[in-house]
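Visitor: I am new to this structure. Please take me through one part of it closely, and then show me what surrounds it.

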Amino acid sequence: MSSIAFPTPDPAILARRDDIIAGLAALLPPECLVTSEDERRAFETDALTAYRRLPLAVALPRNTAEVAAVMAFCHREGVKIVPRGAGTSLAGGAIPQEDAVVIGVSKLNRILSVDYANRTARVEAGVTNLSISDAVMPDGFFYAPDPSSQLACTIAGNIGMNSGGAHCLKYGVTINNILGVKMVLIDGTVVDIGGQALDPAGLDLLGLIVGSEGQLGIVTEATVRLLRLAEGARPVLFGFDSSEAAGECVAAIIGAGIVPVAMEFMDKPAIEICEAFAKAGYPLDVEAMLIVEVEGSEEEMEAQLARICEIARRYGVKVVKESRSATETALIWKGRKSAFGATGRVADYICMDGTVPTSQLPYVLKRTGEIVASYGLRVANVFHAGDGNMHPLILYNVNDPAEQAKAEAAGNDILRLCVDAGGCLTGEHGVGIEKRDLMRHQFSEVDLTQQMRVRAVFDGRWLLNPAKVFPLDGRIAA
Amino acid sequence: MQTNFTSAQLADPHMAASEKILRSCVHCGFCTATCPTYLLLGDELDSPRGRIYLIKDMLEGGKPATAEVVKHIDRCLSCLSCMTTCPSGVHYMHLVDHARAHIEQTYKRDATDRLLRALLAHILPYRNRFRLALGAALFAKPFRPLLAHLPRVGKRLAAMVALAPPRSPAVTAEPAPLTRADRRRVAILEGCAQPVLQPAINAAARRLLARADIEVVRVAEEGCCGALVHHMGREAQALEFARRNIDAWITAIDQQGIEAIIITASGCGTTVKDYGFMLRDDPLYAEKARRVSALTCDITEFLDRLDLPAVSTAPKRAVAYHSACSMQHGQQIRDEPKRLLRNAGFTVRDVPEGHICCGSAGVYNILQPEIAGRLRDRKVGNIERLRPDIIATGNIGCITQIGGGTAIPVVHTVELLDWAHGGPMPPALERAPGLNSRVVQFPLA
Amino acid sequence: MTIVPTKEAEAAEAVRAAQSSRRTLSIEGGGTRLAFGRPIQTDDTLSSKGLSGITRYEPAELVFSAWAGTPVAEIEAALDEKGQMLPFEPMDHRTIYGGSGAPTIGGIAATGASGPRRIQAGAARDLLLGVRFVNGRGEIVKSGGRVMKNVTGLDLVKVNCGAHGTLGFMTEVTFKVLPKPERTLTLILEDLDDERAVQAMSAALGSPFSVSAAAHLPADVGGARARTALRLEHFAESITYRARELAKVLSAFGRAREIEDDESRALWRAIRDVDALAQPKDDMLWRVSVPPTQAPALLARLRQAGLSFRALLDWGGGLIWIACTENAAASTVVREALGGDGHATLMRASDALRASLDVFQPQDAALMKLTAGIKASFDPDGILNPGRMYAGL
């Protein structure tokens, strides 16, 4: 079935499984260690379920010291480690290996402190993204990055993938909103990097760690920036007769010097899927829709909207619909953020994540449709238009191996298209296993080698999440 | 998500239904975030997604349930919060019901567990047996600390006894209503435990309906809805209860023209509304079950459709409305109870983290006392932050569970509505110190 | 010898030659920030001056790329023509270091120079989307790209930003830009002490009115009276409203005066470049990062320790510039006053002092080991700006 290869499990490790588990059992209480096959099975995949590997064991430590003890043990024993947050990766970032121990941070789920005067919060890495905003929202603050999975995904995972979200157009992605981390290195050493200060003391190690896909260490705590909520926020729906018109409108809005808080795109199939689930009032008689959110006081939002509407009219906007209440706003975003899951009602899907320059959006959208059609499949497009981060959902039947192969081939074609159009393979989901074998399309051997040399500083033996990010051949060690 | 069933397996309609559910799951993990046990335990195996995976593996392999699988399925509250969250429309309820039945058929629990479950299954669904048992429990209450020390089953026995109310409620005889041909008619499920524990609830419902000139038809043959045993995987027993109730109600529908089957315990409502699914493959009952489910509604759904007069003399009581899981998740009823309470003059406050279960969940608080206790404390903490005068909810299980953790009186929504519309003060308020004395001029209606 | 490549390939060739002959290289752009970091002696100098020019500017995509040696002035002029700007308001170090060279965009990336708008729009590293550089092996490496969202592979962009040329010789950089605000207005509160000033700035930054800069000039720093400045930048119609609302938020701290246009721009340029502390030239100058609310206590500790100094607070109190008479003991005083969560960089002092003191905040052994490892992974023979950040690295 699977076209993405996993490394052959190390037979020496598999043979020592009982000893390894005994060693882990000496470090963790029974409720923090998963060893039976039935139970390990539940950890064999993440949100990229087409790929699955049963892990050797799953450790669910409760604090930094336990994470450090487990990592030191694995390092000593030469056992591979696959870090796991909430297991919501669409790129297979948390998929285990047979000869690896999964270290999950889901029990590290407390908010440690909130500091409004300095506009930061200190959290354990297993807290969910949304729970931070939930905790500070009553006081008028929020944590800005908002990946669609924010309800469930952990800060640890966000740091691993440098997650983005709809509102990143204005507020930036994870790296722009994290000030410090406590991280356990492969040998169990605990380091504190950054803190509440706004710039690094020396080299920007945080800039290296955020987005490193669990290959440099395991983050157990983080200091995140809190931002003050705007006075008001209002999403507006713009319906167009064609995807191209919507795409051109996006480029024109940005080009006019207006940077809305969020600018999201949905094509007709995506609108229908999301509307069926969220009943958000999306227009069903259009080919494409933009959700544009503006912020500020009532008058400010009106003024900004007037400018945006004026541009949208130039691109033949057919429907303009403003949210009229907090409930409507919540539904509009619920529909958008549930898009992937709701697609599951219709078909299985794989979700691409390439980014292209916004001027290339109309072209790439058109080509995406042609590529998917050429494989005899369907596509739904829902993505962050403001920053060109596309999410074509290729619909297929996972129980049909031939269709899966076609879907993956179409996906690879689309990603290559994104790179060729001046963009990249992944804007916010990460490389994981999914895009690993396409890395050479974006990077030269020299580029990749330099990345691997840096990686080797942290983990010279390739024990941390080793099947991911870098093509399996041509790897270099310390 | 991908599944791996043989066509022989899929010939079993139960299996086919579960396969369809599993296929709709995209394994996105959203459900983990709103699952009470995942919140407490931080282990994916104690989350819906983990359980779905355990169930998938068990069913695909055609394997008997293992102790590990049973542990995690048993920890599920069936609160169905995951179903509210799920963007893909995974019908977790039907899947976990299937798994529980599979466990019951293929897994041998240890002797004490079997005994406890049998005890519950043979007492709780039967009004008279339950009444007797309650007397015994009241007798046993002083010995609770001793009970807790019994090996294996002690904590759970102690939990069970702790749930018994402080005194055995009096059974109030009510005059049979007069029948008039032109009146609208409904039935109210009497069920099993509720009329024993809190007869005042259905009495309040009947008074409210009577004021709206709606006749409540007594359906003699009905009884437990089957939810309690259904959640223990005792499918056959559950279906027996369902068929008996269906027979009784179909007669009432056909002969007395009842327009609705009203439920005052949302836990029962979720199950009765699911009769149509539970008996879908029973040629004799499928159609009847569908009819019954279609006519079933929660008392607040029904009252919300009536034109109850607004109450002008506002009581200024702050009510924390606790939405039972079976209400908000099982039946997706959210606004009606709050709207009714507001229209009746109460100040209604939403409980933070309101989507998380209080730990009652049928007999869960007896079978899993530790998790249930932690959830109760969390719930009570969230409610008490609101400093309400009264806690209102629509499910007897929650009333008992939350009432065990707070001094704030916990009443059924309809008791407050009835009081506001001219009925007696709810018994729990009369007993509440302080609150009683402050209730001066109300009700004036 | 100074090597001035005019093509990227020539730069790579020069580094390869240096590596094979074990000759060390100073990396230089416009030469306006050479006094930043530890003084170093190298065999040769590799200059980016010959790599100049904007290679791509897409106003509609809010992105430009330029060769590293492109003068900042040239870039700002091009952006200005399209009504855009570098969002992070990079500092011009000539004010504190003197010198007459032209600052380059590569120098900004190499030093991670970020000005007052850092608190709202991000630092240089947040806006730097892509780099091309020559590593210490003479290999041309690219990382990042020209799109705003990009998490493909290990990010080598940010670690190069602010690495002071110790990891690679940057050849091309790509930055995100933003539209210039239609209107700018600054509210000024007067006569607040450090404590009250930080409270006022915290209140402003915790308000919903998108304050884009918050700085405090104590009495006798750039003016007789203490001034606390809060900047609003937005659409023209928003500014009047926001200024009024923000003044309400700040009413407990006194009546705010408004300045606009040239006066406002001049003030923020002066704050950005630390004009007020630039003279006398031989004063030592520290740049301290702390959680904003810890700034007043830190300054109080310095006074308690008997240090005579002048200070300027930017980033709502999170960035403190401290000027004092040059002396070695001040290093101990400043770093001991930091408390747990801050760091200090010695921005200006004599070569002798910068050679003997830690210019960058000393880090614990585990972090230094990582730092050394990263340096070696880019530059195994230590030929690029050796010792610029840390002795021996």
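What radius of gyration would a compact globule of 445 residues have, and what does chain B have?

Guide: Let us start with chain B. Keep in mind that this is a predicted model. A compact globule with 445 residues would have a radius of gyration near 22 Å. Chain B has 22 Å, so the two agree. Along its principal axes, the C-alpha trace of chain B spans about 65 × 50 × 40 Å.

Now look inside. Chain B has 28 helices and eight strands. Of its 445 residues, 53% count as buried. Next, take the contacts in chain B between residues at least 6 apart in sequence. Of these, 72% join residues at least 24 apart.

Pick one helix, α2 of chain B, residues 13-24. Helix α2(B) has twelve residues. From first C-alpha to last, α2(B) reaches 17 Å. That is close to the 16 Å expected at 1.5 Å a residue. Its buried residues are B:S18, B:E19, B:I21, B:L22 and B:R23. An α-helix has 3.6 residues a turn, so residues three or four places apart point the same way. Look for that spacing when you view the helix.

Step out to the neighbours. Chain A touches chain B through 32 residues of chain A and 26 residues of chain B. On the chain A side, α3 (37-41) and α13 (339-343) each supply at least two residues. By class, that side has 13 nonpolar, 14 polar and five charged residues. Chain C is another matter. No contact joins chain B and chain C. Their closest C-alpha atoms lie 21 Å apart.

Chain C does meet chain A. Two pairs of chains are in contact, and chains A and C share the most contacts. Here 66 residues come from chain C and 73 residues from chain A. Several elements of chain C give two or more residues to this side, among them α6 (124-127), β8 (140-144), α9 (236-249) and α15 (365-378). The largest share, seven residues, comes from α15(C). This side of chain C has 30 nonpolar, 23 polar and 13 charged residues.

Chain A itself is divided into domain 1 (1-229), domain 2 (233-340) and domain 3 (347-428). The centres of domain 1 and domain 3 of chain A, taken over C-alpha atoms, are separated by 28 Å. Each of these two domains of chain A gives 13 residues to their contact. On the domain 1 side, ten are nonpolar, three are polar and none is charged.

Chain C also has a domain assignment: domain 1 (2-179), domain 2 (183-272) and domain 3 (275-356). Between the centres of domain 2 and domain 3 of chain C there are 23 Å, taken over C-alpha atoms. Their contact takes 16 residues from domain 2 of chain C and 14 residues from domain 3 of chain C. On the domain 2 side, α8, β12 (211-217) and α10 (261-272) of chain C each supply at least two residues. Helix α8(C) gives the largest share, seven residues. By class, this side has eleven nonpolar, three polar and two charged residues.

Notes: Residues are numbered from 1 along each chain as its sequence is written. Chains are lettered from A and ligands numbered from 1 in the order in which they are written. This is a predicted model: local features need pLDDT of at least 70, side-chain atom pairs count only at pLDDT 80 or more; totals for chains, interfaces and linings use all residues. Two residues are in contact if their C-beta atoms, placed from the backbone, lie within 7 Å. Helices (H or I, at least four residues) and strands (E, at least two) are DSSP runs, numbered from the N terminus. Ala, Val, Leu, Ile, Met, Phe, Trp, Tyr, Cys and Pro count as nonpolar, Asp, Glu, Lys and Arg as charged, and the others, Gly among them, as polar. The expected span of a helix is 1.5 Å times one less than its number of residues. A residue is buried if 20 or more other C-beta atoms lie within 10 Å of its own, exposed if 12 or fewer, and partly exposed in between; C-beta atoms are placed from the backbone. Domain bounds come from an automatic or database domain assignment. The radius of gyration is taken over C-alpha atoms; the globule rule is 2.2 Å times the number of residues to the power 0.38.
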